[in-house]
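Visitor: Could you take me through one loop of this model up close, and then through whatever else in the backbone and side chains deserves a look?

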Amino acid sequence: MRIFRVASVLAIAVVLAVAGCTTHVSGTAQRDRTEPPLVVSEDGFGIAAGFDDAPTRIEIFTEPQCSHCADLQTDFGDQFAYYIGVGALQITYRPLTFLDSGSGGYSANVSNALFLAAEGDATGTQFQRFVQELYAHQQRTKGGLGPTNDEMAEMAKSAGMPDTVADRIADGGSAIDTAEMEDANFGYLYDVDTMNTGTPTVYDPENDTKIDIFDNDWLNKLMQT
């Protein structure tokens, strides 16, 4: 009897080794709640990457053609991604388009792609990486056409975003009224600093303070408070 049981167990083990352990789960895949979320801000003109209860929250006013905005991402982008990923930081990006020479230009198209990315199931960390990709491939000619939808979709994939998000960016549908976004975000930016209204501007809403990003250690100081 024992021999029969041993043989049965061995037979079952062989079947599992060959077939593997599989199961079928029906329904729609849900975002991992342990990953930092990505949502459009309540006012509709910003994109928040990271947990709402992160101990540090900042807003970054940014223009896709601004070379200094690209420098900010080069210098601090990896740290942004790290702090977002561990739940220590939430960044709300507020795009602007004042460097466009007309409607539907470079900055408007990139800004629209940023909002398209926020419509899917990408994470806050992936979005931060997407921002870094966009600025790493920034075209420095003011008033240029900028990256195509397909090129931005490839950048989204390089940032680790799901194919569904990249496909949405490639399709190039309208996600935001960029003229309305520009008016709203420029108004917010003007409220932050009426004298030096430019990009990049990093704002601490908790303390109603414009952060001095010319201090090379500003981010470490901020995260230690």
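Guide: D208 sits in the loop between β5 and β6 (209–210), with strands being DSSP runs of E of at least two residues and helices runs of H or I of at least four, numbered from the N terminus. Its phi is near 50 degrees, a positive value in a residue other than glycine. Most residues other than glycine have a negative phi, and most peptide bonds are trans. D208 is also exposed, at 59% relative accessible area (exposed is over 50%, buried under 20%, partly exposed in between, with a 1.4 Å probe and protein chains only).

Keep in mind that this is a predicted model: local features need pLDDT of at least 70, side-chain atom pairs count only at pLDDT 80 or more, and totals for chains, interfaces and linings use all residues. Residues are numbered from 1 along each chain as its sequence is written, and side-chain values use heavy atoms, with hydrogens and water left out.

The peptide bond from T199 to P200 is cis, with omega near 0 degrees.

Now for some buried spots. Q132, in helix α4 (residues 124–136), is buried at 14%. Beyond its neighbours within four places in sequence, Q132 has contacts (heavy atoms within 4.5 Å) with Q73, G77, D78 and A81. As for disulfides, meaning cysteine sulfur pairs within 2.5 Å, the count is zero.
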